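This report describes the architecture of a multi-chain assembly, from its core to its sheets and its interfaces. The sequence and the structure are shown first.

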Amino acid sequence: MNLSRRQILVLLPAAAVAWKYVLADSPQSAPNYNMSDHWWGMLIDIPKCIGCGNCVRACKAENDVPDGFFRTWVERYHVTDGNMTNPEVISPDGGKEGFPAVTEDAGKYFYVPKLCNHCADSPCTQVCPVGATFVSPDGVVLVDPKYCLGCAYCVQACPYGCRYIHPEKKVADKCTLCYHRITKGLTTACCESCPTGARQLVDLKNPKDPIHAFLKTHSVQVLKPQMATGAKVYYNDLDGSVR
Amino acid sequence: MNGFRDYAHLLRFAALFVIAFLIFWAIRGFVVPPSFGKYGHYRAAALSEIAAHPLHHAGHAACESCHTDIQSTKASGKHASVNCEACHGPQAQHAADPSIDPGKPDTAVLCARCHAVSAARPRSFPQVNIADHSSGVPCQTCHQPHSPEIGATPAGGAK
Amino acid sequence: MAESWELVFMNGVEGFMYPNEIELHWSVLIVLYPFITGLVAGAFILASLERVFRVEAVKPTYRLALLTALSFLIVAPLPLQLHLGHPERSPEMYFTPHSTSAMAMFGYVYLWYLMAVLVFEIWLDYRRDIVLLAQRSRGLLRLVYRVMTLGSDNISPHSLHIDERVGWIVTLVGIPSAFMLHGYVGFIFGSIKANPWWSSPLMPVVFIFSAMVSGIACVMVLYMATTRLRHKQIDMRCVDTIAMYLFYTFIIDFSLEMLDLIHRIYEADESFRSLDFMVHSKLYFSHIVVQIILGTLTPLILLAITQVVKLNEVVRKRMYAIAGTLTLIGIFAMRWNVVIGGQLFSKSFLGYTTYKMTLVTREGLLVAIVLTILPIGILWVLIKLLPPWPGEDLPASSGERKPIEAAAD
């Protein structure tokens, strides 16, 4: 994230204020946080991703993600002339420890970080029988772990494979867009730890959010647009072979 | 009167339903969480419960509020856009209580994660074959991690 | 390291699966649930043949079909409860059902069908017997029967006539209710756009017809088995009629499944290659061998022969028994192929995983077997409590006038 001096001057006091609440271990969001002022999404800039796996590790540490399951993961695609419609894809342990080195150079390789797309018309919230998963007023799809039955219907309904049943808590679990961080003015753990700025949180309701300008000037896509889920994770330069 | 007697058993069966429904309605009043339905078909209290999850990463602004010297070193170097916890890991505990040791990243593993050469990485990204490049010498021997370009003037930083 | 389409066996995964997809979330218990509710719906439809459509020939199985439906319906919620991560929270489906979720209907549809259709109809049909049995029993059994009478001992001809009329209406309402009970299960799968193996408007219809097939076959097999065990004569006119209905219902079911298959092959959308490969590899045994060849084509051929060729009684009974049993296995396989098959392939269409069915866990094979046998045990108890055998009506108590004499007044 390239910060100009002006941005640092704005962010530092804001961070100091937010940090005060962090230190006080306040159960409330920062007092200035009004849900209806925000509509969260994310931008993933494919050409910038180097497959280091920082995001997967940071998410696991931040959110106590159980082994073998992933709130975010990275896939590596290998597309050659011969397999445009059937790329080779790997995601060893979700990309958590990076990827094995590639020496030969046939075809194109690229990395695709994936997470919950926080769909505006989310099929997972549609099928929940009791209302344990929902779209928050600020656009984040969340699971209420105290209300969830663990029926796994939402896991089946997600087209992107981003949900799982927590092996210990026995409730549905998934990326929360680090709701506990973004409501305090911080960014998500994955965006914080990404060394190249390939992942950027975006507030689609904030006209001053710099990612707005990016979205207006670049070709961005969502995953599986034919599903009409209203996905809010936008990918820059997404190859057609990505599933 | 005879006619009613012949229907009476049906009314008893119906009464079962009515009683069951009344009991159900009474229980429902107690059991449904009070914040349910406030913003939608879910328990609104869940929002603040989820927002109260403890932080493990402090966020670079917190680090920079104390480590200003390292920040100025970093800001002029190639790692300017790399946030502190990208290499140092989650440090919310240390930010809350600086006496807690933040630990030192193991450069033998850390640097290679990004910079080990792979044809899969973007061509423009700086990457080397670690074995050929350094023959086992630790990276920080030549590269100052906060401003890694050889020849850049270190102003403090990694001890 | 192999990166191409060569089989990469890690955790039983071939090709690429999204990391969270590798472990199946819906187990054999979720296969069992539609199978059981299917038997309930199908058995009830057979009973309604006599009651509403006045098919006299199947009357010997009327009460048995109702008791069978009840036995299976009692067991139906158990596989779901055992599957849930938090079964103690399942009442939430009654208190805050989400109106956009097909699964939320379960609680209410189940309760409606259990109480307002099945129990009500059984009670109305058996009420005379219950009152008489209450008078003749002693001890705990007498208490049980007295509770079942709901305190009313009126079995006058007029009240029984009212029961008959009301029962007819309940059966009539019960037919669409039975379709709802099982149709919504089909919709639970058919409405999931994320899963191309499931997503289809045909799914509820296929589920309903395969339910009718399995229910009819189940009652037919149970009738033949229980009659044999009681050393009585099987009413051939009855089983011949049931077998005929089974045959024609099966034709419709088979046509619907063929339609789905042909449509898939013809349109060949993005999921087709992946699904086609899956059916020919991972699902080969359960889909091609068990469901289609053993469970559909064989019974259809056997039944067709009995419909077309004049065969003697012994041969017909054998063929019905074999066809009925194979049908039940085939319909179970169909549920397996839908539920498990739908989770074996990746939504990226680039890989497959394996279902590792456990043996002695909460969702394991042992539990599934117990849950399949349990309804038979419950049926045995119900048969003892409320004998369903035709021609063994309880003799009238002194002072009770026969309905025919009363109507003549």
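Which residues touch the most other members of the largest nonpolar core?

The model discussed here is predicted. The largest nonpolar core holds 195 residues, and V40(C), A43(C), L46(C), A69(C), V219(C) and M220(C) touch the most other members. Helix 1 of chain C, residues 28–51, gives the most to this core, with 17 residues. Chain B takes part as well: domain 1 (2–51) and domain 2 (60–141) of chain B each contribute at least three residues to this core. Apart from this core lies another one of eight residues, including L55(B), A58(B), C84(B) and A95(B).

The surroundings of M220(C) can be given in detail. Leaving aside residues up to four places away in sequence, M220(C) touches V239(C), I242(C), A243(C), L246(C), Y320(C) and G324(C).

## Chain A in outline

Chain A contains seven helices and eleven strands. Of its 243 residues, 56% count as buried. When contacts in chain A between residues at least 6 apart in sequence are considered, 65% of them join residues at least 24 apart.

## The three-stranded sheet of chain A

One open sheet of chain A has three strands in the order 3-2-4, with antiparallel pairing. Strand 3 and strand 4 of chain A each have a single partner strand and stand at the edges, so one side of each is left without a neighbour in the sheet. From one strand to the next, the twist averages 25 degrees. Strand 2 of chain A (residues 72–79) is joined to strand 4 of chain A (residues 108–115) by eight bridges, and the two run antiparallel. Within this pair, E75(A) stands opposite V112(A). Strand 2 of chain A also pairs with strand 3 of chain A (residues 88–90) in the antiparallel sense, over three bridges. Here H78(A) stands opposite E88(A), and R76(A) stands opposite I90(A). Helix 2 of chain A (residues 54–63) packs on the sheet and touches strand 2 and strand 4 of chain A; the direction of this helix makes about 160 degrees with that of strand 2 of chain A.

Are the residues of strand 2 of chain A buried or exposed? Eight of the eight residues of this strand are buried, and the strand is mostly covered. In a regular strand, side chains alternate between the two faces of the sheet. In strand 2 of chain A, T72(A), V74(A), R76(A) and H78(A) point one way, while W73(A), E75(A), Y77(A) and V79(A) point the other way, and all are buried. Both sets include residues with charged side chains by class, namely R76(A) in one and E75(A) in the other.

## The four-stranded sheet of chain A

A further open sheet of chain A has four strands in the order 9-1-11-10, with mixed pairing. Strand 9 (199–203) and strand 10 (220–221) of chain A stand at its edges with a single partner strand each, so one side of each lacks a neighbour in the sheet. Strand 1 of chain A (residues 40–45) pairs with strand 9 of chain A in the antiparallel sense over five bridges. The bridge partner of G41(A) in strand 9 of chain A is V202(A).

Helix 7 of chain A (residues 210–217) lies across strand 1, strand 9, strand 10 and strand 11 (233–236) of chain A. This helix runs at about 60 degrees to strand 1 of chain A.

## Chain B and its interfaces

Chain B is divided into domain 1 (2–51) and domain 2 (60–141). The centres of these two domains of chain B, taken over C-alpha atoms, are separated by 59 Å.

Towards chain A, 39 residues of chain B are in contact with 50 residues of chain A. Helix 2 (45–51), helix 3 (60–66), helix 5 (84–88) and helix 7 (107–115) of chain B each supply at least two residues of this side of chain B. The largest share, five residues, comes from helix 2 of chain B. By class, the side of chain B that touches chain A has 22 nonpolar, 13 polar and four charged residues.

Between chain C and chain B, 14 residues of chain C are in contact with 13 residues of chain B. Helix 5 (105–136) and helix 7 (157–190) of chain C each supply at least two residues of the side of chain C that touches chain B. Helix 7 of chain C gives the largest share, four residues. This side of chain C has six nonpolar, eight polar and no charged residues.

Key: Residues numbered from 1 in each chain as written. Chains lettered and ligands numbered in written order. Predicted model: local features only at pLDDT ≥ 70, side-chain atom pairs only at ≥ 80, totals over all residues. Buried ≥ 20, exposed ≤ 12 C-beta atoms within 10 Å, placed from the backbone. Pairing = 2+ DSSP bridges. Core = buried A, V, L, I, M, F, W, Y, C linked by C-beta atoms within 7 Å. Domains from an automatic or database assignment. Contact = placed C-beta atoms within 7 Å. Axes fitted to C-alpha atoms, helices over the stretch in contact; angles between N-to-C directions.
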